[in-house]
Amino acid sequence: MINVLVVDDHGVLREGICEVLKLEQSVQVVSQAANGKEMKRQLNRSNPDVILLDIHLKDACGIELVKYIRENVEPCKILILTMSDEEYWMKAAFDAGVDGYLLKESTGEDLIRAIKSVMNGDCIVSPSMTKKLLTRHYTKKEESTLTSREKEVLRLLTKGLRNKEIANRLFISDQTVKIHISNIFRKFNVNSRSQAIVYAVEQNMTS
């Protein structure tokens, strides 16, 4: 069972999110919070596996709350759920230590899948946002260093697919996927999936 703490200052939306999560047997909403103060109070009581956090709260900045969680709470997964598709906020969130960044345009199925994925150690970014950011910031020079197959693997990687799912999509073996991911890590000089995604997004952000 995955225990989830939902933090959002819009009551109707927060209740709606909780109702969606109740439909999944493997997910349990253990607590809700409408602001940063309530979130801090609920953290020790509910001991969540995943914190579903809005980045903009009336009494606090979600980025600062992420830092607070990382410094004061037992290891847990943090999944941002927000309306903000600005690259600044996504970069700041990953720099602070989140495990995923999901837009509120996502479906209930997307949300449940994202929660399960971050629990499995994957990094999640909303596909619509990833596509926009990669298109804007993934320079020709960087793109040319990847083979066409590595580009396909990277595209699926940013959608949160696991190795076996990528292998099935591309009709290749799991081992081949691992080799491609290893090559991407080496070319990007990173050590994890989340770092690879953030690196791709960060390149030439001011250009």
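This report covers the sheet, helices, core and selected residues of a predicted model.

## The sheet

Six strands build an open sheet. Their order is β2-β1-β3-β4-β5-β6, and the pairing is parallel. The edges belong to β2 (27–33) and β6 (124–125). Each of these two has a single partner strand, so one side of each is left without a neighbour in the sheet.

Strand β3 (residues 50–53) pairs with β1 and with β4. Four bridges join β1 to β3, and the two run parallel. Within that pairing, L5 has I51 of β3 as its bridge partner. Four bridges also link β3 to β4 (residues 77–82), again in parallel. Here L53 stands opposite I80 of β4.

## Both faces of β3

Which residues of β3 are buried on each side? V50 and L52 are buried on one side, I51 and L53 on the other.

Helix α5 (residues 108–119) lies across β1, β2, β3, β4, β5 (100–103) and β6. Its direction runs at about 155° to β4.

## The largest nonpolar core

The largest nonpolar core has 31 residues. M39, L53 and Y101 touch the most other members. At least two residues each come from β1, α2, β3, α3 (62–72), β4, α4 (87–96), β5 and α11 (193–202). The largest share, six residues, is supplied by α4.

What does M39 touch beyond residues up to four places away in sequence? The contacts are L5, V7, A33, L53, L65, Y68 and I69.

## L21 in helix α1

L21 is found in helix α1 (residues 11–22). Is L21 buried or exposed? L21 counts as buried because its relative accessibility is 0%, and the cut-off for buried is under 20%.

Leaving aside neighbours within four places in sequence, L21 is in contact with V4, V6, V27, V29, L52, L111, I112 and I115. The C-alpha atoms of L21 and E109 are separated by 9.3 Å. Along the chain, L21 and E109 are 88 residues apart.

## One side of helix α8

Helix α8 (residues 148–157) has these buried residues: E150, V153, L154, L156 and L157. They cover an arc of only 165° around the axis, which puts them on the same side of α8. An α-helix has 3.6 residues a turn, so residues three or four places apart point the same way.

## Cysteines

How many disulfides does the structure hold? The count is zero. A disulfide is a covalent bond between the sulfur atoms of two cysteines.

C18 is buried, with a relative accessible area of 1%. C61 counts as partly exposed, at 29% relative accessibility.

Most residues other than glycine have a negative phi. Two residues here have a positive value.

N47 has phi near 45° and is not a glycine. N47 lies in the loop between α2 and β3. At 52% relative accessibility, N47 counts as exposed, because the cut-off for exposed is over 50%.

F171 is not a glycine either, and its phi is about 60°. F171 sits in the loop between α9 (163–170) and α10 (174–188). F171 counts as exposed, at 77% relative accessibility.

## P127 in helix α6

P127 is found in helix α6 (residues 127–137). At 44% relative accessibility, P127 counts as partly exposed. How far apart are the C-alpha atoms of P127 and G160? They are separated by 8.7 Å. The two residues are 33 residues apart along the chain.

Terms used
Residues numbered from 1 in each chain as written. Predicted model: local features only at pLDDT ≥ 70, side-chain atom pairs only at ≥ 80, totals over all residues. Heavy atoms only, no water. Pairing = 2+ DSSP bridges. Contact = heavy atoms within 4.5 Å. Axes fitted to C-alpha atoms, helices over the stretch in contact; angles between N-to-C directions. Disulfide = S-S within 2.5 Å. Buried < 20%, exposed > 50% of the residue type's maximum accessible area, 1.4 Å probe, protein only. Arc of directions from axis to C-beta. Core = buried A, V, L, I, M, F, W, Y, C linked by side-chain atoms within 4.5 Å.
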